[in-house]
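Subject: Structure for your review

Dear colleague,

Please find below the structure that I am handing over to you. My findings follow it.

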Amino acid sequence: MSLWLHWIDLAGIVVFAISGTLMAYKKHMDGFGVVVLASVTAMGGGTLRDMILDLPVFWIHDPSFFYAVLIGALGTIAWLRISHRFPLKFLLIADALGLAFFNLMGLQKALNVGVTPLIAIAFGTMTGVFGGLIRDVICREVPLVLKGELYATTCILGGVAYVAASALNVNLHICMIIAMLTTLVSRLFAVRYHWHLNVFHPPKNLD
Amino acid sequence: MSLWLHWIDLAGIVVFAISGTLMAYKKHMDGFGVVVLASVTAMGGGTLRDMILDLPVFWIHDPSFFYAVLIGALGTIAWLRISHRFPLKFLLIADALGLAFFNLMGLQKALNVGVTPLIAIAFGTMTGVFGGLIRDVICREVPLVLKGELYATTCILGGVAYVAASALNVNLHICMIIAMLTTLVSRLFAVRYHWHLNVFHPPKNLD
Amino acid sequence: MSLWLHWIDLAGIVVFAISGTLMAYKKHMDGFGVVVLASVTAMGGGTLRDMILDLPVFWIHDPSFFYAVLIGALGTIAWLRISHRFPLKFLLIADALGLAFFNLMGLQKALNVGVTPLIAIAFGTMTGVFGGLIRDVICREVPLVLKGELYATTCILGGVAYVAASALNVNLHICMIIAMLTTLVSRLFAVRYHWHLNVFHPPKNLD
């Protein structure tokens, strides 16, 4: 993997670790809880992806990912010591960037293993959203990502854009940029204009 | 694997996907939530089994399983658009069939890896019930399968029947049919006659 | 692995299975729920560790671990049939011993794969605490281990002691004993003197 990709990946890890740390604060957890939630949020999706694809799990032989989690967690703690407020708007934008990149990493890794495009899109989305899903399950929240937020859908859009561009024989690097931009832009629009998915309502005999 | 086994397997996936979709409706989830819950319910048990046994995860190189999930999910959505009621009795019967087959798949795959009969029974049961267990955990329900329903026990019975028949040198195909029928029939009886397991009650100093 | 290590390992499994069984009682589960919770508590952390490190999962080819789980679960059920109280103080001490040993097993296995010390400490802690964490998630409790109990931290202390002793070229067996004693003693002190970690409180705009 080229060096700049590695740096964007680490930046995504930092952002997701921040979101895990904030959740740990919300649930009145201790320092260990912060580390666990930050790690699970930042590395849970990729860990599951690598285990299912039977690839070496990305963080076991490269401690830089773990350092990135600690930077995200300790940075958040330090910030909240000083300010007692958190720039949530900034976090949403950074999170959109992390999501776009995690999605791309999942797509790439799955396609390298030789799966079909549909399955690759599933792996991209899994990489992007499962960390947050596990975070929510540990914290006893019904995962937000399943309840109307236009979040995972932006990963699917990015994946479809990648597959479509690739089917048109677009250059690989352009495909990657198209996938990232599609996810990033659609997620930022969803945040800005409060786009939501419709939620389903149970039939009468199931309520 | 012979072709008809593959078709029964896909039928089991469809049924479990329907049950995941209905749960997503119950929890007011969105379209992505439906896909996640349907996938997790239908493929979670088998995925965990393959990861623990270090086998290639069954769905990554065969998209037909994923299509079966989508058929179950979209079929349920279409049905509920039209009728606003769901044939729960039909679902229970189909679910019993899916359970019987998933249990058999888990038994077979574990025995092929060379584990002992006790561990193979555990893998059969895991294949049958862990998808539903993960579904319930994501949805913040204490898993029904742990609370008195005679469900997982029918997998154990099927596994014991398989191991017993196999110890008596019964032909492999007959063993498989015995295992499936044991699980299927005991599950249908449990549904029909409301058989339940006793639940435990905590000792006084634990309450 | 030498024989006495195997026996201590099995003793740890029995103790963790007891704690899973008691939780199943607390949640009014049935016999299958007892087996699942006892298994997950006792073998969940090690299973996750082996899957992530891509090692053969420790219990699939050695049924003795599964028998240890059954001994812990059935012993607890038998005890509660007779006495209706449970010696929780004894359980806390035995649990500290199990924790110390699970932590050591995780450290050793991770170092054998060639990971860096920081990652090895993470694997030791994961082996010690993830079983209990999954148990709590299944039972819809916010995991106690994340909420101020000085529990996981004793694993980290044991790991740091191991790494420090090993950096000073201390004999491997002495390193192992130092790690176990550090975790065991710090955990027992935490129980005896009610040591707790501070929990965090959310900033105002997150509440």
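What are the percentages of helix and strand over residues 7–79 of chain A, and how far apart are the end C-alpha atoms? The model is a predicted one, and in it this span is 81% helix and 0% strand, with its end C-alpha atoms 23 Å apart.

Annotated spans

The span in question comes from the UniProt annotation "domain: Glycine transporter", taken from an unreviewed entry, which covers residues 7–79 and also residues 93–165 of chain A. Residues 93–165 of chain A are 78% helix and 0% strand, and their end C-alpha atoms lie 25 Å apart.

UniProt, again in an unreviewed entry, also lists "transmembrane region" for several spans of chain A, including residues 6–25, 32–52 and 64–83. Residues 6–25 of chain A are 100% helix and 0% strand, with 29 Å between the end C-alpha atoms. For residues 32–52 of chain A the figures are likewise 100% helix and 0% strand, and the end C-alpha atoms are 27 Å apart.

The interface of chain A and chain C

Chain A contributes 33 residues to the contact and chain C contributes 38 residues. About 3,100 Å² is buried between chain A and chain C, and carbon and sulfur atoms give 73% of that area. Within chain A, the residues that lose the most area to chain C are His28(A), Asp30(A) and Phe32(A), which together make up 20% of what that side buries.

On the side of chain A that touches chain C, two or more residues come from each of helix H1 (3–26), helix H2 (31–53), helix H3 (64–83) and helix H5 (117–138) of chain A. H2(A) provides the largest share of that side, 7 residues. By residue class, the side of chain A that touches chain C holds 20 nonpolar, 6 polar and 7 charged residues.

Relation of the copies

Chain A is superposed on chain C by a rotation of 120 degrees with 0.0 Å of shift along its axis, at an RMSD of 0.0 Å. This is the relation of a three-fold axis. Why do the copies meet through different surfaces? Only 12% of the interface residues of chain A are also interface residues in chain C, so the surfaces through which the copies meet are different.

Yours sincerely

Methods:
Residues numbered from 1 in each chain as written. Chains lettered and ligands numbered in written order. Predicted model: local features only at pLDDT ≥ 70, side-chain atom pairs only at ≥ 80, totals over all residues. Heavy atoms only, no water. Contact = heavy atoms within 4.5 Å. Buried area = accessible area lost by both parts, 1.4 Å probe. Helix = DSSP H or I, 4+ residues; strand = E, 2+ residues; numbered from the N terminus. Nonpolar A, V, L, I, M, F, W, Y, C, P; charged D, E, K, R; others polar. Least-squares fit on C-alpha atoms with pLDDT ≥ 70 in both. UniProt positions renumbered as here; feature names shortened; annotations may be inferred.
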